[in-house]
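Keep the sequence and the 3D view open as you read.

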Amino acid sequence: MSAIQTTVVLAMTADGKISAVDPKAPRESDAADQAHLEYQVSLADLVLVGAGTIRAEGGTFSIRNPELLAAREVRGQSPQPITCVVSGSLDLSPDLAFLSQDIERWIFTTRTGLERNSDATILHKLAELIDLGDTNLDWDRAYTLMAERGIHKVVVLGGGSLTAALLQAGRIDDWWLTIWPVIYGGKDAPSPVEGEGFIPSAAPHLQLVETRQVGSELFLHYRTLK
């Protein structure tokens, strides 16, 4: 296990949905949640984002608060953390806004994804493509590589498939979950952790270490018990 601290930062509805059935449906942003997200991202050396999330949102989150940018400079960090999109299939369009943002860009993928995507050569010019296995992503290899490159703090912004993979690999140290006071419903609406799921006897357990309330929103900080 590496010394990299990995924190999941997600917002979900009171019924446990991280987006509506249509992930591209517009939603009004919330000032308190945006400020919380910006602060958490400002601590990161690298941000991990699933391919589905980046396809739905187009671009990645950027830090704009001058105080947070100044704090990063004092800590010797770049103005923006590296953003790494995770896509085993490399199913990403070169036209994504993410691929033209003024940030360092990585893509974790597989040899199969590199061989099958006709745009791989174009994507290679827009981001660093990192092969993590033949058909499945090897998270031990990923964390070794990140440690070798001086990454100490990773923030994971979803979606559910990425979070499930990292949880299965035992890589999530803590969680910041924002609870929106709204109900989305929908059996196909995504949740914070997808994948195959866990039976109760094998389910990861969490310890609540901090809570904050802003209006009707809750901010819950959990530690993963290992």
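Two residues are in contact when they have heavy atoms within 4.5 Å of each other. With that in hand, take K153. Leaving aside neighbours within four places in sequence, K153 is in contact with I4, Q5, T7, L43, A44, D45 and L46. Bear in mind that this is a predicted model.

K153 is found in strand β6. Is K153 buried or exposed? Its relative accessible area is 16%. Buried means under 20%, so K153 counts as buried. K153 and A3 are 150 residues apart along the chain, and their C-alpha atoms are separated by 9.0 Å.

One of the contacts of K153 is L46. Leaving aside neighbours within four places in sequence, L46 is in contact with P81, I82, C84, W106, M146, I151, K153, V154 and V155.

L46 also belongs to the largest nonpolar core, which has 30 residues. Those with the most contacts inside this core are L46, L48, W106, F108, W139 and M146. Several elements give two or more residues to the core: β1 (5-13), β2 (46-50), β3 (82-86), β4 (105-109), α6 (139-148), β6 (153-156), α7 (160-168) and β7 (174-180). The largest share comes from α6, with five residues. In soluble globular proteins, nonpolar side chains tend to be buried together.

Now look at the rings. The structure holds three aromatic pairs. The rings of W106 and F108 have their centres 6.3 Å apart and their planes at 45°, so this pair is tilted. W106 has 1% relative accessibility and therefore counts as buried. F108, at 0%, counts as buried too. Ring pairs link W106, F108 and W139 into a cluster.

Another tilted pair is formed by W180 and Y184. Their centres are 6.3 Å apart, with 55° between the planes. How do these two partners stand towards the surface? W180 has 8% relative accessibility and so counts as buried. Y184 has 29%, so it counts as partly exposed.

Not counting residues up to four places away in sequence, S19 touches Y184, A189 and P190. S19 is found in the loop between β1 and α1 (31-42). Its relative accessibility is 14%, so S19 counts as buried.

Leaving aside neighbours within four places in sequence, E217 is in contact with D30, A32, D33, T178, I179, W180, P181 and R212. E217 is found in strand β9 (residues 217-224). At 6% relative accessibility, E217 counts as buried. What separates E217 from T13? In sequence they are 204 residues apart, and in space 9.8 Å, C-alpha to C-alpha.

Next comes helix α7. Which of its residues are buried? They are G160, L162, T163, A164, L166 and L167. What covers them includes β1, β2, β3, α6, β6 and β7.

The backbone on either side of α7 deserves a look. Start with a general point: most residues other than glycine have a negative phi, and most peptide bonds are trans. Here, a cis peptide bond joins G158 and G159, with omega at about 5°. G159 is found in the loop between β6 and α7. Just after α7, G170 takes a positive phi of about 70°. L90 has a positive phi of about 55° although it is not a glycine. L90 is found in the loop between β3 and β4. At 0% relative accessibility, L90 counts as buried.

Finish with an opening. The second largest pocket has a volume of about 180 Å³. It is lined by 13 residues, and the closest to its centre are D45, R72, Q77, S78 and I82. By class, the lining has three nonpolar, six polar and four charged residues.

How values were computed. Residues numbered from 1 in each chain as written. Predicted model: local features only at pLDDT ≥ 70, side-chain atom pairs only at ≥ 80, totals over all residues. Heavy atoms only, no water. 1 Å grid on protein atoms, 1.4 Å probe; cavity = no way out; pocket = protein on both sides within 12 Å on 5 of 7 lines; lining within 4 Å. Points joined across faces, edges and corners; volume = space filled by probe spheres on them. Nonpolar A, V, L, I, M, F, W, Y, C, P; charged D, E, K, R; others polar. Core = buried A, V, L, I, M, F, W, Y, C linked by side-chain atoms within 4.5 Å. Buried < 20%, exposed > 50% of the residue type's maximum accessible area, 1.4 Å probe, protein only. Helix = DSSP H or I, 4+ residues; strand = E, 2+ residues; numbered from the N terminus. Phe/Tyr/Trp six-rings, centres within 6.5 Å; stacked < 30°, edge-to-face > 60°.
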